Amino acid sequence: MLTILFDGIAYGMLLFVLASGLAVTLGLMNFINLAHGSFAMAGGYVTVLLVNRLGVPFLASLPIAFLASAVIGFVLERTLYVHVYRKSHLDQVLFTIGLVFMSVAAADYVMGSSQVFVQVPASLQGQFDISGIGIGRYRLLIIVICGLLTVALQFILAYTRFGSRLRAAVDDSRVARGLGINVNWVFALTFAFGSGLAGLGGALGAEILGLDPTFPLKFMIYFLIVVTVGGTSSITGPFLASLVLGIGDVAGKYYVPTLGSFVIYTIMIVVLIWRPQGLFSRAASR
Amino acid sequence: MTVALETINLVKRFNGIIASNNVSLQIAKGARHALIGPNGAGKTTLINLLTGVQRPTSGRILLDGEDISARSTHERVRLGIVRTFQINQLFNDLTPLETIGLAVSERRGQGLDWWRIVGSRPDLVTEVVEILERFHLTDVIDKRTAVLPYGKQRLLEIAVAIACRPRVLLLDEPAAGVPEDERHEILAAVAALPSDVTVLLIEHDMDIVFSFADRISVLVNGALFVEGSPEEVARDPRVKAVYLGEELADA
Amino acid sequence: MLPPPIAIRVATEWLSARARWQPLEIVFWLGAFAAIYLLPESHLILTEIAWLGLFALSLDLILGYAGIISLGHAAFFGLGAYTAALLAKHEIINEPVMALLVSGLVAMALGFVTSFLVLRGSDLTRLMVTLGVALLLRELANRLGWLTGGADGLQGVTIKPVLGMFRFDMFGHTGYAYCLTVLFILFLIARRLVNSPFGLSLMSVKGNPLRSSAIGISVDARLIAIYTVAAGYAGIAGALLAQTTSFASLEVFSFDRSADLLLVLIIGGAGYLYGGLIGAIIFKFMQDYLSVLTPQYWPFWIGLVLVVIVLVGRERITSWTTPVRRIASHLNWRALAHRIAASSSERH
């Protein structure tokens with residue numbers, strides 16, 4: 001059972017890294033970006049290409065995946081997304097669904113429609129056995145990397161100047177602008193960073209989540225659950241939500257396989273009825 | 001004196017701030033009662049509590065003796081307590097004809113009628129046109145609300161409230177934001193309100209208050225500070241001090 | 001002091017102007033019915049356009065008129081489809097029109113139950129909840145394979161003749177006439193609904209819910225009502241699909257369906273009832289054309305169309321599809337307004 005817990009934690013932390021960018025974009029710009037999964041997919045495919053075809057070491061491919069997705073995110077943000085910020089939520093939904101469809105078809109065209117796997121180095125395969133608990137090496141790596149990222153994120157937000165500018169811009173962008181904070185750059189950099197994180201998550205997750213062109217569609221609901229249940233006003237909210245979701249999904253599929261994802265969707269609906277603003281967010285000030 | 005609207009020890013607290021502090025107000029039937037006070041005194045919060053937009057932390061609200069504290073906003077409107085908003089809240093894509101038509105049809109209980117075409121009841125249309133004439137809106141009857149001049153929108157705001165045939169009408173700064181040349185129409189409309197409607201007026205403009213009100217309550221920091229006839233309130237040195245204090249603070 | 005009779009008459013005409021049948025509408029429906037006789041070789045695609053148009057119409061009721069953004073409208077569509085297919089397969093109800101009505105009622109029941117979920121929360125919450133319900137149903141259909149046929153779909157469905165008289169054929173002749181008739185009847189009902197006081201109250205709720213409740217409208221009750229009706233319409237559309245193809249599969253619940261539906265409605269324009277129908281026509285022809293060119297990658301072009309529509313601006317797109325209506329109504333309105341204003345000023 002502890003193995004399940006361990007796997008669930010790994011899955012949850014991976015979800016957190018994947019979804020954190022979405023949480024920030026939503027909280028920051030009140031923008032519903034359903035295409036977030038596409039950036040994750042991009043990172044995953046970059047890693048697959050680097051490791052499988054070019055022989056780049058796995059660990060080295062991770063930062064490259066991050067950068068690639070961040071760059072794509074930055075470019076798209078400055079060229080396309082920026083025109084859609086002021087539009088209605090319906091427009092944002094339509095726009096990002098359009099991007100998802102385009103990215104899914106593009107991935108299909110370029111990479112083929114079958115699932116691909118990363119050639120994970122031997123050192124990361126298999127598991128340790130610690131007092132009866134199977135600790136998968138790959139999953140351990142995920143926990144370590146994601147854990148470090150979470151701490152780093154919290155640190156950046158709470159203790160750096162960029163972090164305080166970001167928090168100011170989230171709380172009230174008009175006032176932030178008035179204070180001389182270049183809100184546009186904050187948005188662009190944050191979006192790029194969030195996309196990069198998604199790409200990193202995609203790279204890490206390819207092995208355990210499975211990577212194919214329908215990735216953005218399959219996992220869209222998971223990211224959305226993390227963000228709506230966890231709320232967007234802190235790091236801890238989505239973090240806890242991801243853990244709950246990760247453990248719940250793994251445990252659910254193991255113990256009650258006939259129900260599968262049923263459990264997740266039901267929990268989500270119940271939570272949203274009970275607390276529409278999310279389980280962990282403070283009351284919205286706006 | 002029959003009391004039309006009464007609050008009993010109304011308190012509203014949020015996040016440690018007391019927005020309404022033990023407000024016990026009695027408004028006589030048919031009165032022209034004004035509520036004044038410096039900015040941030042809690043006047044709009046009080047209106048929100050009276051109309052059900054916000055729930056009180058404690059205290060009760062009675063309409064013609066009936067406790068309405070637990071009723072929702074739309075239920076209160078049906079019971080006869082209607083408000084206007086300080087910043088226009090109108091239906092931008094509907095015309096004044098449609099807006100008043102909607103209010104009247106809702107009041108008549110025809111809101112759930114999904115079969116009859118709007119406008120097929122002549123008695124309803126008569127009433128709608130009559131209200132529009134009273135508020136001098138017939139020249140813009142067919143225009144989308146969004147394109148109307150601000151003064152006309154403000155008139156429409158009041159007309160919509162009247163179309164609901166309220167027992168008690170809460171006017172939240174009716175002349176706010178209206179340009180000088182359009183103010184007289186608003187003031188005339190307010191002065192011409194039917195005498196059987198009880199009116200609670202929130203205003204900053206003292207000229208309007210003194211020409212219109214027969215009773216004034218002063219709200220400061222969420223609590224009722226002074227209450228009396230216009231002459232009594234005008235003479236009261238404490239009232240002057242509160243307003244002067246505000247002016248000094250602004251300077 | 002009563003206003004003069006002429007002002008009242010004019011105001012009445014004005015209020016009911018929205019509800020008057022415009023010439024273009026009559027042309028549209030005459031054309032649609034004429035196609036039964038004049039375009040027999042296109043009946044298969046026209047059948048698809050008919051139920052897709054009905055499905056889009058149901059979304060228009062909640063999105064265009066009540067402002068609810070739903071990513072899971074396929075839930076009701078799929079439920080209607082499976083209900084109709086199961087009723088036929090197990091010979092519980094043999095006559096298609098009866099089965100259609102029952103499927104619609106089942107979907108309405110689901111709509112009623114889930115309507116409470118869309119009352120609270122932000123746009124994002126509603127999106128999530130509607131999506132969640134659709135995915136949940138899909139998962140349920142997947143798991144209950146013994147009932148639904150699971151991933152393979154429900155096989156072995158035979159549909160008996162409509163009203164006992166009109167047999168379904170493989171060219172879609174009966175299918176088209178059947179779907180078009182159902183669509184037309186439901187359209188008429190929807191048309192009355194949106195032009196009624198209830199419909200006007202929906203538009204007010206969409207435009208300013210705060211103001212609506214301030215004139216005594218119970219916003220929640222209205223939304224529940226329209227959501228339920230729209231769910232019923234979607235369910236009937238799904239049942240039409242099942243009955244004309246004798247098949248139902250999991251993808252009736254899929255996100256793709258809900259997303260395509262949004263596109264269909266947006267192409268045609270939301271908020272005037274014909275948007276869904278026009279959008280269905282455009283979408284189907286687009287799909288037909290593009291799937292010949294690029295069968296596998298046609299989602300790419302759909303996505304591109306969505307992105308372009310949003311960037312260009314939805315209002316600009318839809319204004320192209322209703323130019324004549326606008327001109328006609330403008331002329332009407334100006335004339336009426338002048339007459340009312342003139343009659344009032346005469347008396348002052």
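The exercises below work through a predicted model with chains A, B and C, each with a solution in steps. Residues are numbered from 1 along each chain as its sequence is written, and chains are lettered from A, with ligands numbered from 1, in the order in which they are written. Because the model is predicted, local features need pLDDT of at least 70 and side-chain atom pairs count only at pLDDT 80 or more, whereas totals for chains, interfaces and linings use all residues.

**Exercise 1. Describe the make-up and the extent of chain A.**

Step 1: Chain A has 11 helices and 2 strands, where helices (H or I, at least four residues) and strands (E, at least two) are DSSP runs numbered from the N terminus. Along the sequence their pattern is α-α-α-α-β-β-α-α-α-α-α-α-α.

Step 2: The radius of gyration of chain A is 19 Å, close to the 19 Å that the globule rule gives for 286 residues, so chain A is as compact as a globular protein of that length. This radius is taken over C-alpha atoms, and the rule is 2.2 Å times the number of residues to the power 0.38.

Step 3: Taken along the principal axes, the box filled by the C-alpha atoms of chain A is roughly 55 × 45 × 35 Å.

**Exercise 2. How do helix 2 and helix 4 of chain A pack?**

Step 1: Helix 2 (residues 36-53) and helix 4 (residues 89-111) of chain A pack at an angle of about 20 degrees, and their axes are 10 Å apart. Axes are lines fitted to C-alpha atoms, for helices over the stretch in contact, and angles run from 0 to 180 degrees between N-to-C directions.

Step 2: Helix 2 and helix 4 of chain A are therefore roughly parallel to each other, a term used for angles under 35 degrees.

Step 3: The contact is made by Ser38(A), Met41(A) and Tyr45(A) of helix 2 and by Leu99(A), Val100(A), Ser103(A), Ala107(A) and Met111(A) of helix 4 of chain A; two residues are in contact if their C-beta atoms, placed from the backbone, lie within 7 Å.

Step 4: By class, the residues of this contact are 6 nonpolar, 2 polar and no charged.

**Exercise 3. Work out the strand order of the open sheet in chain B.**

Step 1: The sheet has 6 strands in the order 7-8-9-4-10-11 (chain B), and the pairing is mixed. Two strands pair if DSSP finds at least two bridges between them.

Step 2: Strand 7 (81-83) and strand 11 (223-228) of chain B are the edge strands, since each pairs on one side only.

Step 3: Strand 10 (residues 215-220) of chain B runs antiparallel to strand 11 of chain B, and 5 bridges join them. The bridge partner of Leu219(B) is Leu224(B), in strand 11 of chain B.

**Exercise 4. Which chains share the most contacts?**

Step 1: Of the 2 pairs of chains in contact, chains B and C share the most contacts, with 43 residues taken from chain B and 37 residues from chain C. Helix 3 of chain B gives the most to the side of chain B that touches chain C, with 8 residues.

Step 2: Chain C also touches chain A, with 35 residues of chain C in contact with 36 residues of chain A. Helix 6 of chain C gives the most to this side of chain C, with 14 residues.

Step 3: Chain A and chain B do not touch, and their nearest C-alpha atoms are 11 Å apart.

How values were computed. Angles under 35 degrees count as roughly parallel, over 145 as roughly antiparallel, 65 to 115 as roughly perpendicular and the rest as oblique. Ala, Val, Leu, Ile, Met, Phe, Trp, Tyr, Cys and Pro count as nonpolar, Asp, Glu, Lys and Arg as charged, and the others, Gly among them, as polar.
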